[in-house]
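Reader: I have a structure to go through. Can we take it in short questions and answers?

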Amino acid sequence: MSETQRPVLAAVRNHIGHLTLNRPAVLNAVNLEMVRLLQEQLSAWAADPQIHAVVLRAKGEKSFCAGGDTRSLYDSFQRGDTEHESFFEEEYALDQYIHAYPKPLMALMDGFVLGGGMGLVQGASLRVISERARMGMPEVDIGYFPDVGGSYFLSRLPGHFGTYMGVTGLHIRAADALHVGLADWCVSHDQIAELDRCLDHMSWTVHPQEALRTLVATLGSNKLPGSELKALHQAIDEHFGKSDVAAIRASLVAETRPEFAEWAEETVQVLDSRSPLAMCVTLEMLRRGRELPLADCFALELHLDRQWFAKGDIMEGVRALIIDKDKSPRWNPPTLAEVTPERVQAFFDGFKATTGKARRSATA
C-alpha cells in the first residue's frame, strides 16, 4: 500500500498535524484499521511539543464520514469472531480520547457527518462545518441505537432535539447543526482553500486555541438563516417529550396545527419505517444519558453493544439495507405495540455507572 492509499493520511505543516480520512469510495466509513491509525497518530502528536494543534478532515466531495463500516461488523458476527467487539471498544476509546485531547483539535467537515463520523467530531474543541454538511445519528434505520457518545451529546442538546434526532435517525442541515449546538462555525465550501492557506501561515503569537478560533470566526459564521429545527422547536418539544415512543407517535398523529401537520405526518412515516425495538431502547438510553458523565455514557453504550448483535435488530437491518438491499427489514418485534417495557429494560440490566448515579429506570 502506497502512502496515498492509506485509509488515514497524516501530514505536518506549520506546527499543525493534519489527519485526513481517506476512503472516499465508501464515504470514509470508519473501520478498525482507521480507528487504530487515528489513535496512534493523535497520541504521538499529543506528546510532540512541535505540534500546536490538529486538524481532522476527509477526502472526497460527498462525505466527511458516513459512519462505521457496518458491513465488516456484520461479517464479523456472522463468522463468530470478536472483531466487531474490538471495533466498538477501540472506537469508543478513541472518541472519548478526543473529548479530552490536550491540544486544540479542529474538525473540518464537508458533506455527510453521520454515526461514527459524529463520534469523531463531537469531542473536538472546534467543530467547523461547510454549508454542505448533513449531520445525524441514523442508527435506528438499520436497527441499531445512536452510539459513539450519542447518549451523551444528543441528550444534552436543547429541549428534546436530541430525542428527535436519535429516535427518528433523521439528518439535519448546516443551519440546524449550528442552531442545536452540534457544530460551532460554518465556513463555506469555497472558503476552505483560504482556510488552509491561513493555517499554513499562522504565526502562533497567541494560544493555539485562540488563534484557530479567531481565524475561523474571521472566515465563517456561527449562525445561518433557515433553520428548520428552530421553526419546529415548539412541536418537537411537545411531541418528543412524551413518555415513550408509542406516545410520541400518537401525539404526532393527533397534530392538527397547519404549521406542523405536514411535518408531523412525515415524521410518523419515518417512525413506522424504523426498528421499534431500536427506537424504544434509544429513548431509554438517551434519558439515562442525561444524568451520566461522558465515561459512563460510553460504558452504557458498550453494555448495549455486547447484547445487541444477538438480541437486537442490527443484523436484520444490515441484511435488508446493505447485504440483500431489499429494503424490507423484518423487525423483531415488528410493531411498537409489541415492544414491552420489560424487554427494553432487560438490555440495561446489570449496568453499573462508575462515576455517576445511574437510575434503575429512566421512565420509572
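Reader: How many aromatic pairs does a search of the whole structure find?

Author: This is a predicted model, where local features need pLDDT of at least 70, side-chain atom pairs count only at pLDDT 80 or more, and totals for chains, interfaces and linings use all residues. Residues are numbered from 1 along each chain as its sequence is written, and side-chain values use heavy atoms, leaving out hydrogens and water. Rings of Phe, Tyr and Trp (its six-membered ring) pair if their centres lie within 6.5 Å. Searching the whole structure gives 12 aromatic pairs.

Reader: Why is the pair of Tyr-92 and Phe-298 classed as it is?

Author: Planes under 30 degrees apart count as stacked, over 60 as edge-to-face and the rest as tilted. The ring centres of Tyr-92 and Phe-298 are 5.9 Å apart and their planes stand at 40°, so the pair is tilted.

Reader: Which helices does that pair link, and how many residues apart?

Author: Helices are DSSP runs (H or I, at least four residues), and strands are runs of E (at least two), numbered from the N terminus. Tyr-92 is in helix H3 and Phe-298 in helix H14 (residues 294-311), 206 residues apart.

Reader: Which residue in S2 stands opposite Arg-13?

Author: S1 and strand S2 (residues 16-21) pair antiparallel over six bridges. Opposite Arg-13 stands Ile-16.

Definitions and conventions
Two strands pair if DSSP finds at least two bridges between them.
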